[in-house]
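Please read the sequence and the 3D structure below together. The explanation after them goes through the chains and then through their contact.

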Amino acid sequence: MPVGPFGLDPLIWAPLRLALAVGLALFLVLNGALAQIYLERKLQAIMQDRLGPIHVGPQGLLQTLADAIKLLAKEDVRARLTDKWFFLAAPSIVFAPMLASYAVLPFAKDFVGVDLNVGVLYLATLGSMTVLGIVIAGWASNNKYSLVGGMRSAGQLISYEVPQLLSLITVVLVSGSLSMVQITESQHDFRINLFILPLAFVTYFIAALAETNRNPFDLPEAESELVAGFLTEYSGMRWGVFFLAEYGEVTVVSAILTTLWLGGWSGPWVDSLPILGVAYFTLKTYLIVLVFMWIRATLPRFRIDQLMSFCWKSLIPVTIANILVTAVLLLAFPTTRVPVAVANWLMLGAFVVAIPLLQRRRLAGVRARLRAEAERRAIAV
Amino acid sequence: MTIPLAAFIAVSALLFFVGAAGVLVRRNAVVILMCVELMLNAANLALVAFSRRLGLIDERGSVFVVFVFVVAAAEVAVGLAIVLAMYRNRPTVDLDEVQQMRG
Amino acid sequence: MDGIGTALFAVLALGLVGGGLAVVLVNRITAAALFMAFTFLCNAGMFLLLGAEVIAMFQVIIYVGAITVLIIFGVMLTPQGDRRYGLFFQKQTPVAAIVLAAVAIPVVVFAFSFRDPTGAPHLAPGDLKALTTSIFVDYAVPFEIASILLLAAMVGAIVLVKRESDDAAGGER
């Protein structure tokens, strides 16, 4: 009879390990969300010259905990005309894939749930499942604001998934592996992918902003137009689950950025003291989370047509060109990464300079056409 | 003992005919599209099972699954477009009521 | 591992066939769409059980992430009233039953009587390298043609659904 770890029967050990892993991931998600909400409120308060939460606990540290307790204690309300099964299923459909993502995040050397050899693909897969839950939530609420939010979200998430995946491909090309651990290990001695593939970093970051429904891409829940988008009919802990999923998603995306571009757990003295890797990983991840918050406090929201045209006319062509250039240069110079890096920095410069110019020209064209049309109508009347 | 190949093939056959029955019995165009997807999935399962268990050199069977994915995506996109165009002309998605082509 | 593998297989097989039956039998189309997504996930689990991880990932990305969402769009955009007649008492049901039985019985009998050929080599775990080599070396040209098919389908779908220019004034910019 086979015996698993700790002398347990594998038939018992497997579910036990599953329960432990889910518990640990839940613990991480909950704590991360608590910390992030506090951080976000405090940071935005500082940027907008306010105080932010100060009353509960020292410096308002316990404010989010109080809010969480309030959410848990709220009455569980479901409007009568909502589609029952869809309405109940939607929060879990959004939450579960996010939770499953934690399985492959490499927190430190030998400190990873499972080292899948298709880790990057696995994360992309789970990211693509979120859209289902959001669409279902929008439809099930039986409310026009929710429906518009869900529809917008489906269009946005499906569109931005394309540049997101295409940006990942360049990193896979350079690292030569799909495993999160091997990608981290390929970036030893500060030869991190950010220096080699800055353009892919920027395109992935933009796509990730859209995928997590963060500003400036938070159209699905645009409160000035759609009340709260697909969240309108949700309240209490169901709403809380959506919220947790959003913050968890931000953490996961930041962790992916950290692993793929910033070298994950690597840092000074990490070889002699592996536990330091966890600190580096967390630090780098939260650095990116801070940038997410910074952007939220700074940028106005896109309009839906701008959002779509930016994705299909700017991001996707740029990422495809990036893959082409990276692949060709890697084949031409298999030993050195310098040509790839030079080409990528040049393309990043061109991208940053060209996009505003192109958008301005396009907008000018649109305005001219609208003006001509208005004049034609005026003459006709 | 690993799970025998026959078990996978049996499940695949069952799923395929469940889907086929759905295509024949249901009359809503969207549900028929769903049932066609079920049938494609059953075929995928059989292809992958044979490819993994009997593939001598490489993953040729699984490559066909990739092509099935492509065909399925194209089929759903065009199929739904046809359903919507049909619905716009005559407000029904019930295939029994679409009989303009009947002589 | 073996016991767990068998247990997983049993659960997934039940999920696959049960989910498929639910899609066919359930009256509400919204629920049928959810059951379809569930069936797709179970099928991905089957692929994982067979050791085909990449195919399983593609299955979830394409079927759950894209096709189910498209179908739910279809459900939203068309009216889903009650059917005016029962599921099993229609004029085509007897014909359907005969045709289906004629095809299904031999196939199912064959499938259940199928025995593994002995001595067949089992592939190494993981299908990443083998699959990608097959796609990009042996089947490179069909793969490119498949991409053209997708493009054609996308353009075709847009053309089919696009309204005539009269009421498109506010749409396209």
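The model is predicted, and local features are described where pLDDT is at least 70. Side-chain atom pairs count only at pLDDT 80 or more, whereas the totals for chains and interfaces use all residues.

Chain A contains 13 helices and 2 strands. It has 381 residues, and 50% of them are buried. Among the contacts in chain A between residues at least 6 apart in sequence, 75% join residues at least 24 apart.

One buried position in chain A can be followed in some detail. Ser101(A) lies in helix α3 of chain A, which covers residues 84-101. Ser101(A) has a relative accessibility of 2%, and therefore counts as buried, the limit being under 20%. Which residues surround Ser101(A), apart from its neighbours within four places in sequence? The contacts are with Tyr122(A), Leu123(A), Leu126(A) and Val252(A).

The salt bridges come next. Over all chains, the structure holds 3 of them. Glu40(A) pairs with Arg296(A), and the closest N and O atoms are 3.1 Å apart. This pair links distant parts of the chain, since Glu40(A) belongs to helix α1 (residues 10-47) of chain A and Arg296(A) to helix α11 (residues 276-298) of chain A, 256 residues apart. The two partners fall into separate accessibility classes: Glu40(A) is buried at a relative accessible area of 4%, while Arg296(A) is partly exposed at 34%.

The side chains of Arg41(A) and Asp67(A) meet in a salt bridge with an N to O distance of 3.0 Å. Are these two side chains' residues buried, partly exposed or exposed? Arg41(A) is partly exposed, with a relative accessibility of 33%, and Asp67(A) is partly exposed as well, with a relative accessible area of 27%.

A further salt bridge joins Glu373(A) and Arg377(A), with the closest N and O atoms 3.7 Å apart. Both residues are in helix α13 (residues 338-380) of chain A, and because they are 4 residues apart there, about one helical turn separates them. Glu373(A) is partly exposed, at 24% relative accessibility.

The cysteines can be treated briefly. How many disulfides does the rule count over all chains? The count is 0. As for individual cysteines, Cys35(B) is buried, with a relative accessible area of 0%. Cys42(C) has 7% relative accessibility and so counts as buried too, being under the 20% limit.

Chain C is built from 6 helices and 0 strands, which gives the pattern α-α-α-α-α-α along its sequence. Of its 173 residues, 40% count as buried. Of the contacts in chain C between residues at least 6 apart in sequence, 57% join residues at least 24 apart.

The last topic is the contact of chain C with chain A. It takes 27 residues from chain C and 30 residues from chain A. The buried area between the two chains is about 2,600 Å², and carbon and sulfur atoms give 80% of it. Which elements of chain C supply the side that touches chain A? In chain C, α1 (2-25), α2 (29-49) and α3 (53-77) each supply at least two residues of that side. The largest share comes from α3(C), with 14 residues. By type, the residues on the side of chain C that touches chain A are 19 nonpolar, 4 polar and 4 charged.

Conventions: Residues numbered from 1 in each chain as written. Chains lettered and ligands numbered in written order. Heavy atoms only, no water. Contact = heavy atoms within 4.5 Å. Buried area = accessible area lost by both parts, 1.4 Å probe. Nonpolar A, V, L, I, M, F, W, Y, C, P; charged D, E, K, R; others polar. Disulfide = S-S within 2.5 Å. Buried < 20%, exposed > 50% of the residue type's maximum accessible area, 1.4 Å probe, protein only. Salt bridge = Lys/Arg side-chain N within 4 Å of Asp/Glu carboxyl O.
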